[in-house]
Amino acid sequence: MTSPALPATTERSSSAVATCAVCPHPVASHDAIGLRFCQATLNGAMSRGCVCPSS
Ligand SMILES: [Zn+2]
Ligand SMILES: [Zn+2]
């Protein structure tokens, strides 16, 4: 699998951390359960907490 047009380092400065759409945590800090929980929150347009492991 090759990605010919992917820039390797040009996107670092724009938004280094992708934040979750429904909670204030970086997507990278979600575990599998947290991802599913936040996805369900997003799908249901609900406003509730999240189950991310606190850092
Ligand atoms: Zn989240
Ligand atoms: Zn969260």
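Predicted model: local features only at pLDDT ≥ 70, side-chain atom pairs only at ≥ 80, totals over all residues.

Me: How many helices and strands does the chain have?

Reply: Helices (H or I, at least four residues) and strands (E, at least two) are DSSP runs, numbered from the N terminus; here the chain has one helix and zero strands. That helix, α1, covers residues 32–44, and its 13 residues reach 18 Å from first C-alpha to last, close to the 18 Å expected at 1.5 Å a residue, where the expected span is 1.5 Å times one less than the number of residues. Ala45, which follows α1, has a positive phi, near 50 degrees.

Me: Is Cys38 buried or exposed?

Reply: A residue is buried if 20 or more other C-beta atoms, placed from the backbone, lie within 10 Å of its own, exposed if 12 or fewer, and partly exposed in between. Cys38, in helix α1, is buried because 21 other C-beta atoms lie within 10 Å. Leu35 also has its place in α1, but it counts as partly exposed, with 14 C-beta neighbours inside 10 Å. Of the 55 residues of the chain, 11% count as buried.

Me: Which residues is Cys38 in contact with, leaving aside its neighbours within four places in sequence?

Reply: Two residues are in contact if their C-beta atoms, placed from the backbone, lie within 7 Å, and on that basis Cys38 is in contact with Cys20, Val22, Cys23, His30 and Cys50, apart from those sequence neighbours.

Me: Which residues make up the largest nonpolar core?

Reply: In soluble globular proteins, nonpolar side chains tend to be buried together. A nonpolar core is a set of buried Ala, Val, Leu, Ile, Met, Phe, Trp, Tyr and Cys residues joined through C-beta atoms within 7 Å; the largest one here has five residues, Cys20, Val22, Cys23, Cys38 and Cys52.

How values were computed:
Residues numbered from 1 in each chain as written. Chains lettered and ligands numbered in written order.
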